[in-house]
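Student: I am new to this one. Please take me through it, and tell me what stands behind each label.

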Amino acid sequence: MTDAKFLLFFFCAAIALAGAIGTIASKLPLRAAMSLLVTIIALAGLYLTLDAQLLAAIQVLVYAGAVVVLFVFVIMLIGPAPETSSAPGSVVWRMLSLVGIAMITATFAFSFVDVASTWVAPPAGFGTVRGVAGEMYTKALVPFEIVAMTLTTAIVGALAIARSKTASELAEMKRRRVAEDASAAAQPAE
Amino acid sequence: MLSAYLPVFLMLLVATLVALGMFTATSLAGPKKPTPEKLLPYESGSNTTGASHLRQSVKFYLTAISFVVFDIEAAFIYPWAALFRDLGWVGFVAMVIFLAVLAITLVYEWKKGALEWER
Amino acid sequence: MDLFTQILLAIAKILFVVIVAVGAFAPVLLWAERRQSAMMQDRVGPHRAHIPLPRSVVEGLRLTLKPLEAGIFGSFFAAGLAIVALVILLLSSRETLFGQEAKTYYLAVVGFGILGVLARVGHKVHGGIVESGGKIALLGLLHPLADAIKMIFKEDFVPPKADKLLFSIAPILTMVTAIAAFAVVPFADTLFLECATDVVPRDVATVMACDGSGGVATAIPMQIASLDIGILFIFAIAGTGVVGAAIGGYSSDNKYSLMGGLRAASQMVSYEVALGLTIVPCFMIYDSLRLEEIVMWQHEAGIWGIFIPPLTIACVLYLFAAIAETKRVPFDLPEGESELVGGYLTEYSGMKFGMFFAGEFVEVVVLGALATVLFFGGWDVPFLYRSGFDLPGTWELVIPMTDWVIQDTIALQHWAVIVIQVIAFLLKIAILMWLQLMIRWTLPRFRYDQIMKVCWKGLLPLSIANILLTGIIVLLWT
């Protein structure tokens, strides 16, 4: 790992952590979403340190450009939440959760430190558009097709939640409304 | 590899400096004379009623989720298009199947009225 | 090249792009747009902003008007005499007239002609300034500058109940993403540093240094960053910019702003998908995502993208989607004043409004540059190669009665080639913008449901069909 990559890694990691803390600490939903955006862009920077250029671009394109936009849309649709203070947890529980976090962090840290791995230079063309495409569209065709199915499922689910009227249903509604208006007009005013 | 991205970081830096410069200039140079009327939300002269956040149509949500789906589709198409000639007919057929599934999604949305905006 | 030189070069190119493309070119295009739309609506357009001259200077200028008129007359008279002399020489097939060769008369025509035209223009400008009482208006070109100054000194209003942080971030985000998208756009052919004042060979892969050292010339790509992901960078950055409009609308504490923000974001994301899919056929044909390779392909093939049939369709679809993506007339529903006051910009004032406005306009220029690169050959000028112009065929034209010859190949120094390419690139963007403008001002504003319907039911299926069509054509053809 070169010095520049090391520098970029720590820079992006710090920003990603700051964004992540902002996401859970912010009480305003849209500020939380913006913190998430910061984390996502910093993660793209981390991908760059691993030579995964295409993945970095896709990360920004899909997560920053689409997923965060979806979050922002939902926040804008439902409006601000009523002012709520955080749940009044007892001191003991808070202490316990802190201990839990520390233990998890320690476990991960030591498990990674123990791995005696050397830094291997990636093969030529690694992470480039053509490199990834060559792998994906020859060796991973089935998962690739399954992605399309997954995306379809997403749409079906969204439509089940927020289905709107079809054209024929709209026409039906309009006809009924016109008929009601006509019957209302036909009756003499009382 | 990373040296190719150095100018990008510099560009982002310069763009941020330009934007911050404009921002600071207007915050410092502009006068500040708030009056009670000026501080009201602008609604063409009439007084605002109710909360400033209206409930919005769920159509926007459907548009957003469709956007996410088709944006991911586009993200898969770009690398394919760059390697299209090398992949040949096999790659083409794979993409036709992929696009066909998503076309079915689009048709499904169409038929279910998710693309209608009239009310 | 060491790191320091790389950084210096990058900063030089960034400053060039920011100053020329964003700082100068965009305002000039904005002026041209206002001027043209004023012409179409039978208004004067921008003409008020001016630099005033002191009274005494104006009086002084008034005195010099008369001698200028005499100068114009003199030069045109001399040019006329030279033309008469040339005609006499041609008809009588003599070698000299009044002891002068034909060459002298050619030079006299050109020289006095240019002088006369210059004096005429000078007289016109001069007279205009005197007539208006010492106002240098420059055809209204000062208006964008005046706007910028005005916006900076306007009240910087922040709604009291607004989310101040997000309210401030929104315009910055819009501006930064718009400018940063320029990073991968190539604006000329590779510059060979040591050969700037020499003629570079036309089709050589590695150009040798021209200073006689025998090494390879330092190649400087005329684009800020040459990335493998190429165009994906523009889409990634532009996609993030959508958030700017949305949070601007949300944090303004205004119903109109909220609806405008939602509409803007919804329209932008819809057309972003369409925009992204319309240009996929380009990558299938050019076989790359790198913008510099796309331009090079067109340069070497000698054909611009728009003349390749599947891309002609793609170009039309792209231009449609690009106008809608930038939320300009007739797609300016998010800011439609008849429905939403100012849309998501309602509560913005001063330069914060200006940043949204400028960001939007820079985005228009970026999309115009992208169209130029993908469909109109980027910096490519027909018959201009690294070595200079090479017109088709082998011929030469001798000017009558002189030894002057015009050939089919005109060698140009390297720097001149680069400058011509940059100018051609900017000119193409300007022409595209003008085309968009003519479309914009001839159509009434659409309804919101119509815009969304055209995108999801029209552009999207068409662009997917175009991808398949291009695939079949390319696979059968190769």
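Predicted model: local features only at pLDDT ≥ 70, side-chain atom pairs only at ≥ 80, totals over all residues.

**What the labels rest on**

Student: Where in chain C is confidence lowest, and where highest?
Tutor: The scale is pLDDT, the predictor's confidence in each residue, from 0 to 100. Helix α12 of chain C (residues 337–340) is lowest, at a mean of 67. Helix α9 of chain C (residues 280–286) is highest, at 90. The mean for chain C is 83, and 96% of its residues reach 70 or more. For the model, ipTM is 0.87 and pTM is 0.84.

Student: Which residues of α10(C) are called buried?
Tutor: Helix α10 of chain C covers residues 291–301. Its buried residues are C:Leu291, C:Glu292, C:Ile294, C:Val295, C:Trp297, C:Gln298 and C:His299. Buried means that 20 or more other C-beta atoms lie within 10 Å of a residue's own; 12 or fewer makes it exposed, and anything in between partly exposed, with C-beta atoms placed from the backbone. The cover over those buried residues includes α7 (231–250), α9 and α13 (350–375) of chain C.

Student: Why does C:Phe73 count as exposed?
Tutor: C:Phe73 has 12 C-beta neighbours inside 10 Å, so it counts as exposed. This residue sits in helix α3 of chain C (residues 65–92). C:Phe73 and C:Arg120 are 47 residues apart in sequence, yet 9.2 Å apart in space, C-alpha to C-alpha.

Student: What makes up chain C as a whole?
Tutor: Chain C holds 15 helices and eleven strands. Of its 478 residues, 46% are buried. Domain bounds come from an automatic or database domain assignment. For chain C it gives domain 1 (51–136) and domain 2 (163–187 + 222–380 + 413–477). Their centres, taken over C-alpha atoms, are 46 Å apart.

Student: Why are β7 and β11 of chain C said to stand at the edges?
Tutor: The open sheet has three strands in the order β7-β8-β11 (chain C), with antiparallel pairing. β7 (384–385) and β11 (409–411) of chain C each have a single partner strand, so one side of each has no neighbour in the sheet.

Student: How do you know that β7(C) and β8(C) pair?
Tutor: Two strands pair if DSSP finds at least two bridges between them. β7(C) and β8(C) (residues 388–390) share two bridges, so they pair, in the antiparallel sense. C:Leu384 stands opposite C:Phe389 in β8(C).

Student: How many residues of chain B are in contact with chain C?
Tutor: Contact means that the C-beta atoms of two residues, placed from the backbone, lie within 7 Å. By that rule, 58 residues of chain B meet 65 of chain C. α1(B) gives the most to chain B's side, with 21 residues. That side divides into 41 nonpolar, eleven polar and six charged residues. Ala, Val, Leu, Ile, Met, Phe, Trp, Tyr, Cys and Pro count as nonpolar, Asp, Glu, Lys and Arg as charged, and the others, Gly among them, as polar.

Student: How many residues does the contact take from chain B and from chain A?
Tutor: The contact takes 43 residues from chain B and 47 from chain A. Here α2(B) gives the most to chain B's side, with 18 residues. Chain A itself has seven helices and zero strands.

Student: What is the largest nonpolar core?
Tutor: A nonpolar core is a set of buried Ala, Val, Leu, Ile, Met, Phe, Trp, Tyr and Cys residues joined through C-beta atoms within 7 Å. The largest has 201 residues, and A:Val69, A:Val72 and C:Phe233 have the most contacts inside it. Another core, of five residues, lies apart from it and includes C:Ala79 and C:Tyr105. Leaving out residues up to four places away in sequence, A:Val69 touches B:Ala64, C:Val242, C:Val243, C:Ala246, C:Ala265 and C:Val269.

How values were computed
Residues numbered from 1 in each chain as written. Chains lettered and ligands numbered in written order. Helix = DSSP H or I, 4+ residues; strand = E, 2+ residues; numbered from the N terminus.
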